[in-house]
Every structure is written in C-alpha cells, then in structure tokens.
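This report examines selected features of the structure shown below. It begins with a metal site and then turns to secondary structure and confidence.

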Amino acid sequence: MMKRTMWVIAVPVLLLAAEAGDDGRRWWGHVLFLADDKLEGRNTGSPGHRKAAEYVAGEFERAGLKPAGTAGYFQPVKFRSRRIVEEQSGLWLVRDGKVEPVALSEEANISMRSDPPESLEADVVFVGYGLSIPEKNHEDLKGLDLRGKLVMYVSGGPSSIPGALRAHAQSAGERWKVLDQAGVVGALAVQNPRGQDIPWARATLARLQPAMSLADPALVDASGGKLSVTVNPAHADKFLAGSGHTIQELLDLANAGKVLPRFPVPIRVRAKVAVERGEVESQNVAGMLPGTDPKLKDEYVVLSAHLDHVGVGRPINGDSIYNGAMDNASGIASLLEISSRLRESQRKLRRSLLFVAVTGEEKGLLGSRYFAAHPTVKPQSIVADLNVDMFLPLFPLKILTAYGLEESDLGDLLRRVAEPLGIQVQGDQEPERNIFIRSDQYNFIRRGVPALAFKVGYEKGSPEEVIGEKWLRERYHAPSDDVQQPVDLQAAAGFNRVIGLLAEAVANRAERPKWNSTSFFQRYAGQL
Ligand SMILES: [Zn+2]
C-alpha cells in the first residue's frame, strides 16, 4: 500500500455542492470506515462483510429508515462456493495424437463461475462471438453441429448491434441459454483486451479465490457440468494453431465491429478439474423511507449499491487487502449520505424509497439477483432502480455518464435534474466494456424494472479519460483501491446531490417510470 495522501481539490465550477453546505467529508467518512483494513475487503460471507452490513444497518437506523429486510434490516442470502484445486487440475491440447499441456494461470484459467465436470475431452469449434440475437439477425451458432463439443469465442459483438443489447446477449444468463440449447459441453472464452478493464497478469491472481453461485438452483445461469475456460489472448494462437486463423486477425475484425468467421479448430481439449466446495451465507441490507402519498407510498424507488468487494487476495506491492474504496464503499457511502440528507431536509416524498445494500456483486451480481427474485416489498411495487457502483469521483463533475439512458424515461428525468446544475448527461461512451450489464441494475432490468447506473463522466480524448484509464489499469480490483488514493470530494458531493434529486423526482412524479417504446428491454416489463 502506498502511504501517501494526496487530495485533489476541485475547482468549484459547480456551486451545487457548496450550496448544499456539503464538501463530501461525511461521505468520505463512510468510505474510510468501509474500506478500512479491519474490514478485510468485505468479501461475500466474510466477517468483514458482516461488520460492513452491521454498519450500514446502523446508519440506516440513524437516518430514520425503517427495517426492510426479512430479519430486521438484513435479508440473508445463501450461496454455494467453489474453489479450484489447481495442483490436481489440468488442461491439455490434443493435436495429431500429441498431448500438449496448457499452463494454467499464464495461458488459460478454468473458471469456477459455472460448475465444471471432473473431466472432459471434446472437439473445438470457433463460433465468432458465440451470440444469438434473432432480433438483429445475428446468429453465430446457427447451422453448426455443436453437440458434445466445446465452443471457442471472442468477447464482444458486431457494431451493428446497439451497445446495451450487445452487452445483454453477452451476459452469463443469455450466453448459457444459447449454448445449452446448442448442446455444447463448455466454452473457451477469449477476452478482447479492448474491453478488458483488468490486464491478464492481475486478473489471473484472482483465479484461486472461491467463486459462488446462489444456493437456489433456479437462480443459476449455466446448467451443471459445463467447462468454462478463459484463454489469455496473448496465448490464444496456441489453441488456434492449424485452423488457418490467428487471434490478431480475429481481434482486428472484432475491433472493426465486423462479424467473425466460424471454423473448426483442429484440436481436442482435455480437462481435469478438482474442486473444493463449500456453503456461505451473507446478507443484503435494506432500509425504507416511507412515502407520504396515500396511494403512491406503496410504490418504491430502489437505490442500490453493492457492499461486498473481493476480500483478501494475492499481494501486490506487499499489500494483500483489496479494500474496494471506490469499488464500492463509495456507492454505499452515497446511499448513506443521500438517506441522511433526505432526513435532514425533512422533504416529503410521495413514493417510498428503498435503500438496498447488496452482497455478492463481485461473484456475479448474486445478491441483487436474489433480491430481485425475492423482493422484500410487493414485487410489482418497485418502480425503478438507481444503482451506484464505483462512480469514480476522480475529477470534477461536469459530465454524468448514465448507463441505460436510452432505455426508459428515467433518462429525461435525469437530464431535467442535472442540466440546471450545469451537469451534462451522456450515455455509455464505451459499450465494449459492457458496463450496462456489469452491475446490480441489470437484475432489475431483467425483471422489467427501468433502471439507471452512473459514473462521473468525461469526453473521449480528454485528460480525464487518461485519469480514468490509468485508474482502471492500476487500481481496479487491486489493493491500491484504498483510502490512500486521491479522490475529488467536491465531485462526490455533487454526484450525491444529483442522485438524491433524481430519486426525489422519481418518487414525486405522478406516473411511474416506463420503458421507451424503442427499448429491447421493455419485453421484460411486469416480470417482477
Ligand atoms: Zn468490482
């Protein structure tokens, strides 16, 4: 850990934080508690996460929120965990009768996100992006005989498909639905480095951490017994040798937004997997601010943020605690700050607000998935989700990026509260990162609830973009995402104010939010 405190003091181009008498220090106080080494990175099911959950429940109570879990403020969630025993596992390529080992950790990893078979050997077919999007006539699997085979694919999708839909089609749920139908026994995924936030060298450090799935089998994506392998793009040619294609050629096509070829790969992949299994319990935390309108108070605007992070892991620069200050102590701190401010302002809201701190996000959005499947209020009464995850106040808030902006009328509402404060609102500028499906709002969207997620935004090509990219490269899911890093408190204060005002606007508007008629996701409306 670098013991260095460096404050970035924002030029107060926006008076909105100052007007509110708020310099972001109380928000930062919550971050300091939640990202302290004592909480050991708040891994799902760990004592540190439990302490964090108790802190949040205590703060909810102080802010006058009513308990809205199933056990006071808590909603317990059960998980199954899997950890690879790497010494007893292996991956081999069989080519022309010759067996060549694959170096786990360096060349590829066996993912524990899906429950793997003990052993397997199968042919491999390269299937482009491995997507099926009938609405856009994009079919990577059609006409191929994939029964009993492994598919290999590159992450991403053709640029002809809108970003949100492309992300949705790549979600674990959609992907495995399509692959299961095709009868495959597993998948070899090559992550396009262009959409990858964490470089391979760091991502691979997490391979020995337990993966989790919800204990309820109805809430698990991949059916059991499927092999899931992540291939290091720098070594993908080892797999592709003899196919007549190279990974560079395929990535060039992907980066140009083109459709990818499909072809047989002249290898068989052999796998042996030893898994250590366990059971884990963790908590969502929910608190409610009742609305005042006799009718509308039975409808809820959810403000969500994930409380968990990745815990203690492989040391980097001598530090093994992955504190998760920005990911996502920052978002939980926003929920706490917004709820305190609402109480202090004594403002009346017509609808009720439901503040939900979820667990298991880092394990695949699991706590929010559980909550959306078992909401603690009447399912149809949730009108919107506003999700705050790693909003990155690293520079002044002049632009707010909103994910899902084009999908529902929440977008217009956000513009109406942000623009008078001098904040420009923009949609997703980097759809290749799939942020739309990468946090908890996605579980509400899949159940038909209009939702938005947010980050402090920047223009492409600006110095702020450089700061953001450097942050991802160096601190994202690294122990240096801690309380020693420079943070712009004014930007955080402004952000909290805007999200609070948006929550108020949704709570007070006569009509509940609705999907835009052009949105792909309106088909899920009414599914909660
Ligand atoms: Zn994260």
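## Zinc site

In this predicted model, the zinc ion is coordinated by Asp327 (OD), Glu362 (OE), Glu362 (OE) and His477 (NE2), at 1.9 to 2.5 Å. Donors are N, O and S atoms within 2.8 Å of the metal (3.2 Å for Na, K and Ca); water is not among the atoms, so sites may look incomplete. The 4 donor atoms subtend angles of 56 to 144° around the zinc ion, which makes the arrangement irregular.

Along the chain, the donors of the zinc ion have the spacing D-x34-E-x114-H. Asp327 lies in helix 9 (residues 325-345) and Glu362 in the loop between strand 18 (352-358) and helix 10 (366-373); 35 residues apart, the pair links distant parts of the chain. Helices (H or I, at least four residues) and strands (E, at least two) are DSSP runs, numbered from the N terminus. Asp327 and Glu362 are both buried, that is, under 20% relative accessible area, against over 50% for exposed and in between for partly exposed (1.4 Å probe, protein chains only).

## Strand 22 and its partners

Strand 22 (residues 451-457) is mostly covered, with 7 of its 7 residues buried. Two strands pair if DSSP finds at least two bridges between them. Strand 19 (residues 382-387) runs parallel to strand 22 and is joined to strand 22 by 3 bridges; here Asn387 stands opposite Ala453. Strand 20 (residues 399-403) is antiparallel to strand 22, with 5 bridges, and Ala402 has Phe454 as its bridge partner.

## Helix 3

The 16 residues of helix 3 (residues 47-62) should span 22 Å at 1.5 Å a residue, and its end C-alpha atoms are 23 Å apart, which agrees. The expected span is 1.5 Å times one less than the number of residues. Gly64, with a positive phi near 80°, follows helix 3.

Among the buried residues of helix 3 are His49, Tyr55, Val56 and Phe60. Their cover includes helix 2 (25-34), strand 2 (74-84), strand 14 (275-289), helix 9 and strand 18.

## Confidence and conventions

The chain averages a pLDDT of 93, and 96% of the residues score at least 70; pLDDT is the predictor's confidence in each residue, from 0 to 100. Over residues 1-20 the pLDDT is below 50, and this stretch has 41 contacts (heavy atoms within 4.5 Å) in the model beyond near neighbours in sequence.

Residues are numbered from 1 along each chain as its sequence is written, and side-chain values use heavy atoms, with hydrogens and water left out. Local features need pLDDT of at least 70 and side-chain atom pairs count only at pLDDT 80 or more, whereas totals for chains, interfaces and linings use all residues.

Technical notes. Tetrahedral: all angles 85-135°; square planar, octahedral: opposite > 155°, others 65-115°.
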